[in-house]
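The exercises below are to be worked with the sequence and the model side by side. Each task is followed by a solution that goes step by step.

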Amino acid sequence: MLALDTQKEIAQLLSRYPIKRNALLPILHVVQKGNEGYLTPELLEEVAGICEVSQTHVEGVISFYTMYKLEKPGKFHLQVCTCVPCCLVGGEELLEHVEQQLDTHAGHTADDGVFSVEEVECLGACSYAPAVIINEDYHEQMNPEKLDRLMDELRTQGQAHA
Amino acid sequence: MDAFPTEIVRFELDGKTIEALPGESILQAAQRTGSEIPHLCYKAGYRPDGNCRACVVEIDGERVLAPSCCRNPKEGMQVNSQSERALHSQKMVVELLLSDMPEQGKSPYTQRSELDIWAEKLGVVQPRFAGRQQPVQDISHPAISVQLDACIQCTRCVRACREVQVNDVIGYANRGDHSTIVFDLNDPLGVSTCVACGECVQACPTGALMPSDNVGLEVSDKTVASSCPYCGVGCLLTYDVKDNRILRVEGREGPANKSRLCVKGRYGFDYVHHPDRLTQPQIRCEGVPKTVELLNPSDFDKVFRPASWEEALEVAASGLKRIRDEQGPQALAGFGCAKGSNEEAYLLQKLVRTGFGNNNIDHCTRLCHASSVVALLEGIGSGAVSNPFTDVEDAEVIMVVGSNTPVNHPVAATFFKNAAQAGKDLILIDPRRIDLARYASYSLQFNPDTDVALFNALMHTIVEEGLCNEEYLAKYTEGFDALKENLKDYSPEGMAKVCGIPAETLREVARRYATAKSSIIFWGMGVSQHIHGTDNARCLIALALMTGQIGRPGTGLHPLRGQNNVQGASDMGLIPMVFPDYKPVGDPTAKHFFEKLWGTTLDPNPGLTVVEITEEIHKRNIKGLYIMGENPAMSDPNLNHTREALARLEHFVIQDIFPTETAGFADVILPTSAFPEKTGTFTNTNRQVQLGRQALEPPGDSRQDWWIIQEMAKRLGLSWNYRGVPDVFEEIRKATPSMAGITWDRLEQDHSVTYPCENEGDPGDPVIFTDGFPTPSGRGKFVPAKFSQAAELPNEEFPYVFITGRQLEHWHTGSMTRRAGVLDAIEPLPIVSVNPSDLGQLGVDAGTTLTVQSRRGKLTAFARGDHGVPEGNVYMSFAYNEAAANLITTDRLDPFGKIPEFKFCAVKLSAGGDPAPRLV
């Protein structure tokens, strides 16, 4: 079941779209945000009903766009760019490093639930490659050491908040 | 794609000048003129997608190769499909796809892989590229197996599921080289919402989607072009036969199905090979009493003994003859069957009329559209549809009333959904929210039983707002004043509370229907199966007449006929009040005509209808009954009463393919042929007369129905001498002027001919009433209807409304479909559908048992939560002998159509209970 706040937000969104299916992308975002950052089959079924589209249409959409998640992301979600400019200056090594550190694979959440990591296409920060986005903040010209320090800080923060 | 050319285009293909018809692509023009261009993602009849690039051609003056499947030729264009560059690309595509097949070779799942065929033609043998990691097989569905390792992502299945059949289960997910075919939310097929129409299997070029029984690698002995034995849509299909067994079934290009089929038509044929088939005549053993209890099949041998045809026919006929001669013709009756062919229906009614000497002949139309037919004959002089359902293509507004079309006429529903997707307004009027609602502009979930109130409110609006078609009213109708007077009491504002639909919605719908350029009405049993069923249908007829929405393409009245030949059986006079071609038995001219044709005197009094016959058996006025195929011990209302009647018969002969629930009451059982074992004509809901062709030999010593009826006739003293089915058809042409122009040869050649077709060579009229009606005055007659209520309303003791109907996987009483492996595997248990909030109140979990009880009977079935069923209502199919819905239903009849009220009676529900044992 969708949370009351989410339902309100959806109603507001729908009022702005003459055709319900056109609101699918923003509604999915709202629903994802309202459910700790990920989508479940039950929620997707509900969204399909709301937007009057088939379940398979929703599946096509959420699997096409990388920003929809089916796994609960960590408190901090790392997006590591491995496009050509980043790759040339160590993007792939950075990703590998994070995977090793967290003992997980891109697209997944580490066991402690603090971090999740994802390999992404161009973040538009080529001039400052390699780039990483953590939650909504850009971190540029990264290297494994810088990232380790940053993650240590975040881990402490995360644990303090938890 | 380029703008559609409207003229014939001449262009050059591989040095040869060819013509493309308007709208044709290069590929289509090439195919039609006998040239081959490789193609995989293109399938005739589907939207070209251009994704596989196997069909690329080189066009003079163009920089890049063009996909010929989605490229229209231009005048003078020079196209080369064989140039080195084109061939190189075509081969590369095939090689890349082949490299990703299991073992990088031929499809291990089908002998007909189009990829293999093209690889061979193009000389692509061993791909140079490595394959990818292959997905595992999904065998979770009883009908369809999924092996995506053979998938080439041509998306033909996606288009099949989403654009052709519009079931919206198959999708294309992920991106780049992770792209894949998915079902729903990437679910296994078996748990997805797949309805198993199999369109995707028929569309798949490589065997990635196949029937689950692994038939892809078997080679058939023969293919037989035939039709489907299930619903009134009348799909044409092809049987693949091997060793006298049906290997598989594929849809064939027919006027009503355009190669589409549904789960029953594609996967529902193994019933013909079921071990329960009767293969020898049976005679009831001396002294075995008849009780109301159904015969358990395991006790069959204790009740019946096998007999020779000679003995069985003799016992069968002499028993009927004795009753006729000793007690008079009125002591006999016959039930035919809308599953039989026109020829069988014709012979059976002739047997009763000339051999029994009365008109006591009826069939399941009485339980189906009898009230609609009465209203149609009374109002517009003809019981058949005015337009084929494929006319939705020409309609602006499509109104569907009391019909769960995707379940009962699945292939017709696909055309409705196509139309809705093309922007036509679909208006649903049904107490249940059905799957079609997702495509509808309006879905009016009105209170059950308030049909007349709702329709009258629509008509009230049309009159009040001046939306009548005055010109049409003046030219083609009569009795409008009386209708108008009656409508005064039915303002939408007044009726809103009665029918549960806001007045403004009623007004909007009325306006939309009346003012559209073309509006067509479809209706089903939700309209007809009420004690006010005739009134319901009268309203729909009036709606069409007052707005002039009839007599043109895309308009009209279409009662969706249920059985594959219910239209034909009625046309053949398998009903008690009319001879063939709806000639009233009391009409002296008609009587004279048939007396001459049949060389005998005929009874001028209309006979009794199905439920009336049961009543007369009860009263011991009817003592002998002959049944062909009908199963009243399951299909008739108030079964305890019906079964008591069957047990009271002095002499009861039945011809059937299975020991049905009804057969257990018989004195003689004559084993007959199943649909694929015989040839005959069948008339679908669109008035299309189509050939069903014999594909198999009947098992054991079972015989063809027409032969059995003729043998009975001979033994009742008639001198019949038909040599075969075509002989009977020739006589039908004489008896039915509207079919006189249809010859057997033409049917053999064209497979399908629409009537009216009065003279040989007539094309047949799909749209009728274009200039008035076949009534005495030539005008359509308005018959006002007053709102009245059901026979049995809910009260404190019986608070729920019980609605019966069908379900997708099971046909009628289940005698065929519960013996069909796939269909039975999908829906094996008796289900009663209840609104989840009612289930909550009753404390019943979905999947556990629920006991339903009415004043007449009681059953226990498994509860299913269904948001589409409104609170206070329950819905059930009547296919299950262990929980026969008709134990519950009332046998109160509509006074005009004599149809029982299957759609409404009062019940109480209680949690738990043990279902009775299943007897199939």
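**Exercise 1.** Which pattern does chain A follow when it is read along the sequence?

*Solution.* Begin with the conventions: the model is predicted, so that local features need pLDDT of at least 70 and side-chain atom pairs count only at pLDDT 80 or more, while totals for chains, interfaces and linings use all residues. Residues are numbered from 1 along each chain as its sequence is written, chains are lettered from A and ligands numbered from 1 in the order in which they are written, and side-chain values use heavy atoms, with hydrogens and water left out. Next, assign helices (H or I, at least four residues) and strands (E, at least two) as DSSP runs numbered from the N terminus. Chain A then has 7 helices and 5 strands, and the pattern reads α-α-α-α-β-α-α-β-β-β-β-α.

**Exercise 2.** Describe the interface of chain B and chain A.

*Solution.* First list the residues in contact (heavy atoms within 4.5 Å): 16 come from chain B and 14 from chain A. Then take the buried area, which is the accessible area (1.4 Å probe) that two parts lose on being put together, summed over both; the two chains bury about 1100 Å² between them, 55% of it on carbon and sulfur atoms. Arg175(B), Leu185(B) and Arg438(B) supply 50% of the area that chain B buries against chain A, more than any other three residues. Strand E7 (residues 170–173) of chain B, with 4 residues, gives the largest share of the side of chain B that touches chain A.

**Exercise 3.** How many salt bridges are counted between chain B and chain A, and how many over all chains?

*Solution.* Apply the rule that a side-chain nitrogen of Lys or Arg must lie within 4 Å of a carboxyl oxygen of Asp or Glu. The count between chain B and chain A is 0, whereas over all chains the count comes to 61. As an example, Glu114(B) forms a salt bridge with Arg156(B), the closest N and O atoms being 2.9 Å apart. This pair links distant parts of the chain, since Glu114(B) belongs to helix H3 (residues 114–122) of chain B and Arg156(B) to helix H4 (residues 156–164) of chain B, 42 residues apart.
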